[in-house]
Amino acid sequence: MSPVTPARVTGTPGRTRVLVAGGGITGVAAAHRLRERLGPDAEIIVAEQSMRLGGKIRTADFAGRAVETGAESLLAARPEAVDLARAVGLGDAIVHPADLKPALSIGGELVDFPAGHMMGIPGDPADVAAIADAKERPDNGLPILEPGQDVSVGALVRSRLGDDVLDRLVSPMLAGVYAGDVDRLSVRAVMPQLAAALERHARLTEAVAEIKRPAPSGKPVFATIDGGLDRLVTATSAAARAEIRLGMTVRELRETAQGWEVITGPVPDPIRVTADAVVLAVPASPAADLLRAVAPEAAAALSGVAYASVALAAFAFDKVDLPERSGFLTPASEGKTVKAATFASKKWPHLGRRRQIVRVSMGRLGEEAMLQYDDATLAKTALRELGEHLGQRLPDPVEQRIDRWGGALPQYAPGHVARVAAAREALARHRGLAIAGAAVDGVGIAACIASGRDAADRIADALAPTV
């Protein structure tokens, strides 16, 4: 509903003005790309509801080190995040993890996570025989998926390789990345390369083997920024030279003959920003609310995106015997609250080993009640279960912290990719309006940067003068 109080108007007449709703990495990456495309004279506004930029990226001073309390790393296997870091002057700060293997925690024992898999799906059943019974079911000789067809990861793996592979390998991997339910996660959204290969193969393992090739020598899969990922947010925002408005909620969009009116600010004293274009880089629910009056088809596509919540515990130890691994994942069937842990000071050499730092992840889709426990209870549970996974009684940490991320990870139900495509088709009928972010294009910093830059390109193309 429109505010009843007359809205104050802001903006500089005569200048191209774009408002980006959302100041996470998607929003600041979009602002940076808009600056590149629209030039120095464009007015770019980033409206962020909270009092800080970065969204799910947050670095804290912990045990004398810059430690991530949200998203941990960049996927260096795809170029967007690393390229942005270099573009904003952080090329020399890019660091890579140590060459350590992850583990699975099964029955109180850490075992090597098998190689040759894609999100836990093996390219050869023999590779996982020591952990799971992986006997591929007979096929009918036809491609597993028809063009455009989608299924859940759970249905795909269970029908082709059985419950053991799903429960012991695939589910822990996807719980670590999405905190999700494999029976509600879309193959096309979660593993688009695999989905494409499934249109060519009758056997799941053959499709995995086709695309799961060894990484090129000297090309690490992950990276981070020495000094913390907050530096990437700050440097990108500075390079964008955008006007940052913190504590400002975008409440309503109105399409006009000239572009857009955006109602922001507090309800008692709203501010109307006139803009030539708008990028919505916010979670699915607020994006759907904003689009409902102007693009109901797009709103409907976004309104069905569910979110999972997680809690992260960080511990610093003076003396503790950690295995030489990057961390571990654990199947839900183990009955643990702790689903994953990262031995941060071993995984990331730049943190040093004067103190051992461990990050512990708790929470899967449907376990939101866990976040209601107080910090002391969550920390006690995480520390006890960490010791059980490691097979030892851990000493009291010298420092600890709990971070809750409610509604952190979007869940892509089967058909998600098609719904997003339909939403963007609907938005294309409205000049200067784009959506971006994890809600539509995938979790992870690299995916969010790519999404923000793509939205900025759509806007720049729409605003380009026609000949």
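Predicted model: local features only at pLDDT ≥ 70, side-chain atom pairs only at ≥ 80, totals over all residues.
Me: How many bridges join strand β3 to β13?

Reply: Strand β3 covers residues 43–48, and β3 and β13 run parallel. The number of bridges joining β3 to β13 is 4.

Me: What is the strand order of the open sheet of 5 strands, and which are its edge strands?

Reply: The pairing in this open sheet is parallel, and the order is β13-β3-β2-β17-β23. An edge strand pairs on one side only, as is the case for residues 243–246 and for residues 433–435. From one strand to the next, the twist averages 15°. The edge strands are β13 and β23.

Me: Are α9 and α10 roughly parallel or roughly antiparallel to each other?

Reply: Helix α9 (residues 284–291) and helix α10 (residues 296–303) have axes 8 Å apart and pack at an angle of about 160°. The contact involves Ala 284, Ala 287, Ala 288 and Leu 291 in α9, which meet Pro 296, Ala 298, Ala 299, Leu 302 and Ser 303 in α10. The crossing of these two helices is left-handed. Because angles over 145 degrees count as roughly antiparallel, α9 and α10 are roughly antiparallel.

Me: Is α15 mostly covered or mostly exposed?

Reply: Helix α15 spans residues 445–463 and reaches 27 Å from its first C-alpha to its last, close to the 27 Å expected at 1.5 Å a residue. Of its 19 residues, 14 are buried. Helix α15 is mostly covered.

Me: Does Thr 337 count as buried, partly exposed or exposed, and why?

Reply: Thr 337 lies in the loop between β19 (327–329) and β20 (338–342). Beyond residues up to four places away in sequence, Thr 337 touches Ser 361, Met 362, Gly 363, Arg 364, Met 370, Thr 381 and Glu 385. Buried means under 20% relative accessible area and exposed over 50%. Because its relative accessibility is 25%, Thr 337 counts as partly exposed.

Technical notes. Residues numbered from 1 in each chain as written. Heavy atoms only, no water. Expected span 1.5 Å × (residues − 1). Buried < 20%, exposed > 50% of the residue type's maximum accessible area, 1.4 Å probe, protein only. Pairing = 2+ DSSP bridges. Axes fitted to C-alpha atoms, helices over the stretch in contact; angles between N-to-C directions. Contact = heavy atoms within 4.5 Å. Parallel < 35°, antiparallel > 145°, perpendicular 65-115°, else oblique. Left-handed = near helix turned anticlockwise from the far one by under 90°.
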